[in-house]
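Let's take a friendly walk through this structure, one neighbourhood at a time. Keep the viewer open as you read.

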Amino acid sequence: MASEPREFASAERSWEQLSCSETHCVALREGVAYTWPISRAGNRFGQLCRGTAARDVDVEATDASAAPVPFDGRVVAVAAGGRKDGGHTALVGEDGSVWMCGCDRWQQLGLSGAGGAGNAAGYTW
């Protein structure tokens, strides 16, 4: 627990939106989404939207390690969710489309549970 505020996101980056989960953050600036881990499980399920999933990542815990998400078009909204057992990221495109990456264990990505209700539909990015 932090009893006093500390700088978490650099003022020089001028984020328009910022959302964090227990494991990672996603931020938006000028139509581009950026992600970074804030815990060792920060990309365990591919929630950084970088095309890979890594169970153990180096943690900067600030936006210094933010990397752009490969996305064809402008992003207008971002959200991060989940806990260490199921992180995920949502991106909303300028055309209204919704894109998800990360864990789909509880069908939070909207993949409709390919294995049936209650079964993991897998991880995607």
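Does Trp15 count as buried or exposed? Trp15 has a relative accessibility of 16%, so with the limit for burial at under 20% it counts as buried. Please bear in mind that you are looking at a predicted model.

The structure holds three aromatic pairs. In one of them Trp15 and Trp36 are stacked, with 5.8 Å from centre to centre and 25° between the planes. Trp15 sits in the segment before β1 (17–20), while Trp36 belongs to strand β3 (residues 32–37), so this pair ties together parts that are 21 residues apart in sequence. Trp36 has a relative accessible area of 0% and is buried.

Ring pairs also bring in Tyr34, giving a cluster of Trp15, Tyr34 and Trp36. If you look at the face of Trp15, you will find Arg29 lying over it, at 5.0 Å from the ring centre.

## Two nonpolar cores

Which residues make up the largest nonpolar core? This core has 10 residues: Val26, Leu28, Ala33, Cys49, Val69, Val75, Val78, Ala80, Leu91 and Cys101. Strands β2 (24–29) and β5 each supply at least two of its residues, and the largest share, three residues, comes from β5. Another core lies apart from it and has six residues, among them Trp15, Cys25, Tyr34 and Trp36.

Leaving out residues up to four places away in sequence, Ala80 touches Ser19, Cys20, Ser21, His24, Val26 and His88.

## The β5–β6 hairpin

Strand β5 pairs with strand β6 (residues 88–93) in the antiparallel sense, over six bridges. To find your place in this pairing, look for Ala79, which stands opposite Ala90 in β6. Six residues lie between the strands of the hairpin, and in this hairpin Gly82 takes a positive phi near 95°.

Val76 is another residue worth a visit here, and strand β5 (residues 75–81) is where you will find it. Is Val76 buried, exposed or partly exposed? With a relative accessible area of 40%, Val76 falls between the limits of 20% and 50% and is therefore partly exposed. Not counting residues up to four places away in sequence, Val76 touches Gln17, Leu28, Val92, Gly93 and Glu94. Gln17 is 59 residues from Val76 along the chain, yet their C-alpha atoms are separated by 9.2 Å.

## A buried glutamine

Now move to Gln47, in the loop between β3 and β4 (67–68). Gln47 has a relative accessibility of 0%, so this polar side chain belongs to a residue that counts as buried.

What does the side chain of Gln47 contact? It makes a polar contact with the side chain of Thr23, at 3.1 Å. A polar atom of the Gln47 side chain also lies 3.4 Å from the backbone nitrogen of Arg44. Leaving aside neighbours within four places in sequence, the residues in contact with Gln47 are Thr23, His24, Thr35, Ala41, Gly42, Gly87, His88, Thr89, Cys101 and Gly102.

Note on methods
Residues numbered from 1 in each chain as written. Predicted model: local features only at pLDDT ≥ 70, side-chain atom pairs only at ≥ 80, totals over all residues. Heavy atoms only, no water. Helix = DSSP H or I, 4+ residues; strand = E, 2+ residues; numbered from the N terminus. Buried < 20%, exposed > 50% of the residue type's maximum accessible area, 1.4 Å probe, protein only. Contact = heavy atoms within 4.5 Å. Phe/Tyr/Trp six-rings, centres within 6.5 Å; stacked < 30°, edge-to-face > 60°. Lys NZ or Arg CZ within 6 Å of the ring centre and 35° of its normal. Polar contact = N/O pair within 3.5 Å; in protein donor to acceptor, adjacent residues only side chain to side chain. Core = buried A, V, L, I, M, F, W, Y, C linked by side-chain atoms within 4.5 Å. Pairing = 2+ DSSP bridges.
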